[in-house]
Amino acid sequence: MSGTFRQEMPPPGGYGPVDYKRMLPKRGPSGYMLFAGCITMMACGFVGLVRINKRRRDETYEEREAFIGIMPLMEAEKDRDILKQLRHTQEQEAIIMQDVPEWVPGESVYHTKRWVRPTIENLYYLTKSKEKTEAMFGFQSFV
């Protein structure tokens, strides 16, 4: 180890400058761009909402008009079912009450000349309880 000691020296002209400042990359859009993007998204959402509401309103109007158009037919069918059930009930009542001399089958219990629509209980009081329940509550299935 006996030799001449030679110290390393910087290159001629010296080393380049050392970057010591904080250099952060630009991250994403600016605040103004974010604000403009949010406003644009909200405007598009409101336009879509207006279109959907208009279409829903038109469909509701069409359904209502169709229902109003077929309501007389549905009402006539319901009246036909009521008269059929009343006829059946009067026949059963005549068979059951044939021993009572002053009983008139089908006579109204109301003291009026006007037509009073019978309730479901009055229509189905001589039928099976299952038929009465189905008439009152519709067809229900319990899981």
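Is Cys44 buried or exposed in this structure? Cys44 is exposed, with a relative accessible area of 52%, where buried denotes under 20% relative accessible area, exposed over 50%, and partly exposed the range in between (1.4 Å probe, protein chains only). The model is predicted, so that local features require a pLDDT of at least 70 and side-chain atom pairs are counted only at pLDDT 80 or more, whereas totals for chains, interfaces and linings use all residues. Residues are numbered from 1 along each chain as its sequence is written, and side-chain values use heavy atoms, with hydrogens and water left out.

The cysteines were examined for disulfides, defined as pairs of cysteine sulfur atoms within 2.5 Å. By this rule the count is zero. Cys38 takes part in no disulfide, the nearest cysteine sulfur, that of Cys44, being 12 Å away. The sulfur of Cys44 likewise has its closest cysteine sulfur in Cys38, and the 12 Å between them is too far for a bond. Cys38 is partly exposed, at a relative accessible area of 47%.

Helix H1 comprises residues 31-96; helices are DSSP runs (H or I, at least four residues), as strands are (E, at least two), numbered from the N terminus. A kink of about 45 degrees occurs in H1 at Ile70, shortly before the proline Pro72. The bend at a residue is the angle between axes fitted to the seven residues ending there and the seven starting there. Glu62 also belongs to H1 and is exposed, with a relative accessible area of 58%. Between the C-alpha atoms of Glu62 and Glu77, which are 15 residues apart along the chain, the separation is 23 Å.

The buried residues of H1 are Ile82, Gln85, Leu86, Thr89 and Glu93. These buried residues pack against helix H2 (120-123), a contact being defined by heavy atoms within 4.5 Å. Thr89 counts as buried at 4% relative accessibility. When residues up to four places away in sequence are not counted, Thr89 touches Asn122, Leu123, Tyr125 and Leu126. A polar atom of the Thr89 side chain lies 3.0 Å from the backbone oxygen of Leu123.

Glu93, also in helix H1, is buried yet has no salt bridge. The nearest side chain of opposite charge to Glu93, that of Arg87, is 13 Å away; Lys and Arg count here as positive and Asp and Glu as negative, while His and the chain ends are not counted. The Glu93 side chain instead makes a polar contact with the side chain of Trp103, at 2.9 Å. A polar contact is a pair of N or O atoms within 3.5 Å; within protein, one must be able to donate a hydrogen and the other to accept it, and residues adjacent in sequence count only if both atoms are side-chain atoms. Besides Trp103, Glu93 touches Val104, Pro105, Gly106, Tyr125 and Leu126, again not counting residues up to four places away in sequence.

Side chains of opposite charge can pair when their charged atoms come close. The structure holds five salt bridges, each being a side-chain nitrogen of Lys or Arg within 4 Å of a carboxyl oxygen of Asp or Glu. One of them joins Lys54 to Asp58, with the closest N and O atoms 3.2 Å apart. Both residues lie in helix H1, four residues apart, or about one turn of the helix. Lys54 is partly exposed at 46% relative accessibility, and Asp58 is partly exposed at a relative accessible area of 40%.

A further salt bridge links Arg117 with Asp79, the closest N and O atoms being 3.1 Å apart. Arg117 lies in the loop between H1 and H2 and Asp79 in helix H1, so this pair ties together parts that are 38 residues apart in sequence. Arg117 is partly exposed at 38% relative accessibility, and Asp79 is partly exposed with a relative accessible area of 33%. Arg80 forms a salt bridge with Asp81, in which the closest N and O atoms are 4.0 Å apart. Arg80 is partly exposed, at a relative accessible area of 48%, as is Asp81, at 39%. Salt bridges that share partners join Glu75, Asp79 and Arg117 into one network.
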